[in-house]
Amino acid sequence: MRRVVGKGLVIGSVAAALAGGAFSAYAQVNAEQVLAIGRNVFSMEDYMLAIQYFNQAIKAKPYLADPYFFRALAKLNLEDYKGAEEDCSMAIDRNKFKTEAYKLRGFARQQLGRDSLAVADYDIGLDYNPTDRSFLFYKAVAQTDLKKYPEADSTFSTLLKLYPKFEEGFSARARLNVVRGDTVSALADLDRALSISKSLVNAYLMRAEIEAKRQNWEQASSDMDEAIRLYPQEPDLYVNRAFLRYNLDDFFGAMTDYNTTLEIDPHNAAALFNRALLRYEVKDLSRAAEDFSSVLALEPGNFHALYNRGLVYLELSEWKKALQDFNAISTQYPRFYPVYYAIAECRRNMGDMRGAMQNAYHGDELVKQYVKNPEKNALDRPTIAQATSNSSGVSQGEDESEIDVMNRFNQLVTVSETQETPLSFNDRMKGKVQDRNVAVEPAPLYAVTFSPNTETLRALSNYFRELDDLNTARYLQQPLYLSAGLPSLSSEEASAGLFAFADRIGVLEKQGGARPVDRMARGVALTSLKNFPEAIVELNGVIEEDPRFAVAIMARGYALYAQAVSRLASPHQDTSSGETQGDAVLERRTAMKELSDAIADYDAALALNPRLVYAWFNKGCIYYLLQDFGTAAACFTKAVETDPDFGEAYFNRGLSHLKTGNKNSAFTDLSKAGELGVLPSYNLLKRMK
């Protein structure tokens, strides 16, 4: 997100469309018209932009309930449940009779695990409308999650009596019966739900799991077929069907499912692990070793893959590779006795009979000690990786204290099937920016540039007063801007123009005809061209001549920062490239000095203009780079105190809070940043959950 500064308030194309032209105060906004436009944008599923319209309506008429409600709805679609809850509360404060706000707030609270408060909201809604299907449905699900099973059953009975064709109600009651252990009633509800609608994927999954626990593999596999028909691009469904096919002795079908999974998701560790086991079982040893190696590349700590790869190497007579894997296992799990027998086998095949006997004896001793006193001499029992909903696709599964370790070491991994009834106001995916994985990096520092960046969702921008004065006075033919980071010089024309400008001012300077403002502009051009050393020299001269030239001070601060970052990333920092350790240390010290000087420049700019929000922000970014997260957060706090709509400052402060373990404050800041248009916030919020 970048802010554009120039004469007056320069508003991007989005803002112009919002108001039908430039405007200078929120009071001039037609709140009803803006709200209507926002609702239209929302209907097109552009939730980020819709929030910006609702922000404008709120600023113009903060006493209206609807802008808060619709902003909450947009946030909910972005999975910012805390922000949605807060906006619903604001809407209810302004209109306590807006029942949809109670429904939306209750839903958000369910997603936050605040089920008791959610039920309270649904009860208020039911006071206004006792037969509302959504209120009854959400309330019953919340009561199930609260383990209030009789109350949930009563609510479901009321719901299904009023709406006997509500298939999701039967599916949700089936889940209630499953958690109560009544699988007979659960199957009856699932059959009823699927007789009404053949498109309930969770109903098929629940029924498949029930049948699988009964070892009714044929029926379970049939239900999984239907789930895959509905969601053919969901890789975990193929993993689970492969497990069912394996139990039906359909090795070819199981292998096909693992291959399909890996076509959809090449990094699916569960599919790779299971395919490796199947290949091991049919003695396709070389490819089994490749799959286990792929699992270990994704999960270096997966000792089950490591152990099995060692066994494969053992059968391939690759003794050294096998021994390396087994030694790693014994280091991590020194009382896992089977690995010592495997090491003994390696040693024997390598001709080390003494080492083989020692390891076999050690394994025997561990077993004897365990038999004598199991509590005192417990054996290591590594847990097998079970796929869940984490980012890697695999996590630790159940405790194996009562499970045969060797059997589990060679058991297929399954993926936890979704039994939760999906609660959603909108199941469509378009516009859900929280699902777009983005690099989690701090928003960049602001730099003085020749190129504006109008890619902003903000309607209005604070401006850099001194830069605005310079542009208004027209000291330069081309205006300067304040942008987040340096502009991209993707075209030859753009870079050639900057080179020509810098050369022209350089010639003029040698002739003694260059003004300080010209030399400052040359420093800006050189910075954009990433010639930081020469830019710093140029700006040093300007500031020596005019120590109160705030624009030059801000420009030098960025050039110093950029030069320091360039040093830290230079080959000098890699002593393997032939540079000495002393060179690397010198470069780092120089970079630290440049960062310190950059902070000093921003302090000098703040002394000239205490409300220069970008100086506070840039200081915070440098402290963040230096891993001084407490000071960084303090700087970002100063920035948002000066400009409460500075989304990037909230975002960076949220990251700073995360670094210090302050998760609650991070949630609050990231939610606010998302509200103000910083797209990565929602993806990060989703990952944090």
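Helix α19 passes α20 in a left-handed crossing (left-handed if the near helix is turned anticlockwise from the far one by less than a right angle, right-handed if clockwise). This is a predicted model: local features need pLDDT of at least 70, side-chain atom pairs count only at pLDDT 80 or more, and totals for chains, interfaces and linings use all residues. Residues are numbered from 1 along each chain as its sequence is written, and side-chain values use heavy atoms, with hydrogens and water left out.

**Stop 1: α19 and α20.** Select residues 319-332 for α19 and 338-349 for α20. Their axes come within 9 Å and cross at roughly 155° (axes are lines fitted to C-alpha atoms, for helices over the stretch in contact; angles run from 0 to 180 degrees between N-to-C directions). That makes α19 roughly antiparallel to α20 (over 145 degrees). Now show the side chains. From α19, pick W319, A322, L323, F326, N327, I329 and S330. From α20, pick V339, Y340, A342, I343, C346, R347 and N349. These residues make the contact (heavy atoms within 4.5 Å). Colour by class: 10 are nonpolar, 3 polar and 1 charged (Ala, Val, Leu, Ile, Met, Phe, Trp, Tyr, Cys and Pro are nonpolar; Asp, Glu, Lys and Arg charged; the others, Gly among them, polar).

**Stop 2: α4 and α5.** Move to residues 66-77, helix α4, and 81-94, helix α5. They pack at an angle of about 165°, with axes 8 Å apart. So α4 is roughly antiparallel to α5. The crossing of α4 past α5 is left-handed. On α4, select Y68, F69, R71, A72, K75 and L76. They meet Y81, G83, A84, D87, C88, M90, A91 and R94 of α5. This contact has 9 nonpolar, 1 polar and 4 charged residues.

**Stop 3: R109.** Select R109 in helix α6, residues 99-111. R109 is buried, with a relative accessible area of 11% (buried means under 20%, exposed over 50%, partly exposed in between; 1.4 Å probe, protein chains only). Leave out residues up to four places away in sequence, and R109 touches E85, R114, D115, L117, A118 and D121. Zoom in on E85: a polar contact of 2.8 Å joins its side chain to that of R109 (a pair of N or O atoms within 3.5 Å; within protein, one must be able to donate a hydrogen and the other to accept it, and residues adjacent in sequence count only if both atoms are side-chain atoms).

**Zoom out.** The chain has 33 helices and 4 strands (DSSP runs: helices are H or I, at least four residues; strands are E, at least two; both numbered from the N terminus). Of its 689 residues, 52% count as buried.

Key
Angles under 35 degrees count as roughly parallel, over 145 as roughly antiparallel, 65 to 115 as roughly perpendicular and the rest as oblique.
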